[in-house]
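Student: Hi! Could you walk me through a protein structure today?
Tutor: Happy to, let's have a look at it together.

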Amino acid sequence: MKSRRRNVPEGHNTIVDQCHSRTCTEEYSETIPHDLIIEIVSRLPTKSVARCRCVSKLWSSLLVHPYFTETYLTRSSASPKILFACVKDGKVSFYTSPQPDDDKASSPITAAAATYHMNFPFDHVIDIYRPMSGLVCIRDGRILKGRKTAAMVWEICNPSTGQSVILPKMKSRKRTGAKSFFGYDPIEKQFKVLSMFTDNDFSSEHQVLTLSTTGKLSVRIVECGIPHCPLSDGICISGVLYYKSSTEKRVRGIMCFDVRSETFRFVKVMEPFIGAVHPQTTLVNYKGKLASVMSGWSYNFIGETCTSFVMYVVQDLEKQEWSKHNYKFAPGLIDGFFAGVTVAGELVLSPKFPSSPFYVFYCSLERKSIRRVEIQGMGGFKQVYTFVNHVEDVKLMRTV
């Protein structure tokens, strides 16, 4: 299945723009050390990388080589960004904005510009999953050729390159609903979608859709052996996908899916930390550890406002070792849904249904302070998904 490229806007002036087409030849490029080319281009925006690949065959081969793409990904990982997936009129438009460093925070109210990347067309967006190593998975209800009703389609998109790949269709005779999770295996560098069909809310059939580094697409049935009811969206940390669930005996806990081995493990959560799997909690990655966070709300004549957080952080899941943290803030300072936790340890909240102006809230749990950042250059959308710690991957997807 071939990958697709979508609506990539023109970038700003780069070193490529400064080279006239008659002078940017193979002979000229060979006078520049290859390591220097890679060093310079790895510091440029993604739009500029795409233009640099058009300089010559030599530059193209250098800039698609794994050494360059890994170098670029490593640099991007050191300076992650906020990713906005904006839905309107059958399109998902991607924007990024700098992710502030908590150590460099100086003002409680700031502004940041949003950079537009591209958009992808969709029929009916059902869900957008947390990005994994630069790629985003979108679940779409799509009218396929020869069908009158919508079918579930999972498409993996790369906002940095404009490519997207439609994953193979799941095959099942079951007509009940399906729950899906997006994970990444950092060892084999494979992206996987775990999907399960349910009977009476409990999982009964599990399938894994895989996009490998070689571009091979596959779908296979995996055995679970633990009938359970998935209760939340998942989060993938270091190759393990976590999501809240309950067993047939109504025991609540955390389901752990090893993305590489494709095996399941259920861990019961007991008192006094049973609040970590409360239906209203959100699972987050807190400095490399699994955590669960829930907000407390107060109500007045204006409406509801967030006034507190409680966060449970896993120290050892098997031994039931958790730490509990409570934070309180003045009413009216925060409004939005949890988007995640930055690498600096700040909780991020963002409205899912945007208004003007559009704000993102950064809550420092260590400083017990709040910053409000106005995101400029982005508006008029029906719905906005906000994700933290997004990295940019310029590796081209090839499918076989």
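Predicted model: local features only at pLDDT ≥ 70, side-chain atom pairs only at ≥ 80, totals over all residues.

Student: Phe 182 was on your list. What is Phe 182 in contact with?
Tutor: Leaving aside neighbours within four places in sequence, Phe 182 is in contact with residues including Tyr 129, Arg 130, Met 132, Ile 156, Phe 191 and Leu 241.

Student: How does the lining of the largest pocket divide into nonpolar, polar and charged?
Tutor: It has 25 nonpolar, 12 polar and 7 charged residues. Strand S27 (residues 383-390) gives the most to this lining, with 5 residues.

Student: What about the second largest pocket, what is its volume?
Tutor: The second largest pocket has a volume of about 750 Å³. It has 30 lining residues, and Pro 131, Met 132, Cys 236, Asn 285 and Asn 389 lie nearest its centre. By class, that lining has 17 nonpolar, 11 polar and 2 charged residues.

Student: Which element gives the most to the lining of the second largest pocket?
Tutor: S27 does, with 4 residues. Helix H5 (66-78) is one of the elements that supply at least two residues there, and strand S19 (282-286) is another.

Student: Now rings! How many aromatic pairs does a search of the whole structure find?
Tutor: It finds 11 aromatic pairs. One of them is Phe 68 with Tyr 72, a tilted pair at 6.0 Å centre to centre, with 50 degrees between the planes. Both residues lie in helix H5, 4 residues apart, about one turn of the helix.

Student: Why does Phe 68 count as buried?
Tutor: Because its relative accessibility is 0%, and buried means under 20%. Tyr 72 is buried too, with a relative accessible area of 3%.
Tutor: Another tilted pair is Phe 257 and Phe 264, 4.8 Å centre to centre with 50 degrees between the planes. Phe 257 is buried at 1% relative accessible area, and Phe 264 is buried at 12%.

Student: Which residues do ring pairs link into a cluster?
Tutor: Tyr 95, Tyr 116 and Phe 381.

Student: Last one: where does Tyr 286 lie, and is it buried or exposed?
Tutor: Tyr 286 lies in strand S19, and at 13% relative accessibility it counts as buried. Beyond its neighbours within four places in sequence, Tyr 286 has contacts including Ala 291, Met 311, Val 341 and Leu 365. The C-alpha atoms of Tyr 286 and Leu 347 are separated by 8.8 Å, and these residues are 61 apart along the chain.

How values were computed. Residues numbered from 1 in each chain as written. Heavy atoms only, no water. Contact = heavy atoms within 4.5 Å. Nonpolar A, V, L, I, M, F, W, Y, C, P; charged D, E, K, R; others polar. 1 Å grid on protein atoms, 1.4 Å probe; cavity = no way out; pocket = protein on both sides within 12 Å on 5 of 7 lines; lining within 4 Å. Points joined across faces, edges and corners; volume = space filled by probe spheres on them. Phe/Tyr/Trp six-rings, centres within 6.5 Å; stacked < 30°, edge-to-face > 60°. Buried < 20%, exposed > 50% of the residue type's maximum accessible area, 1.4 Å probe, protein only.
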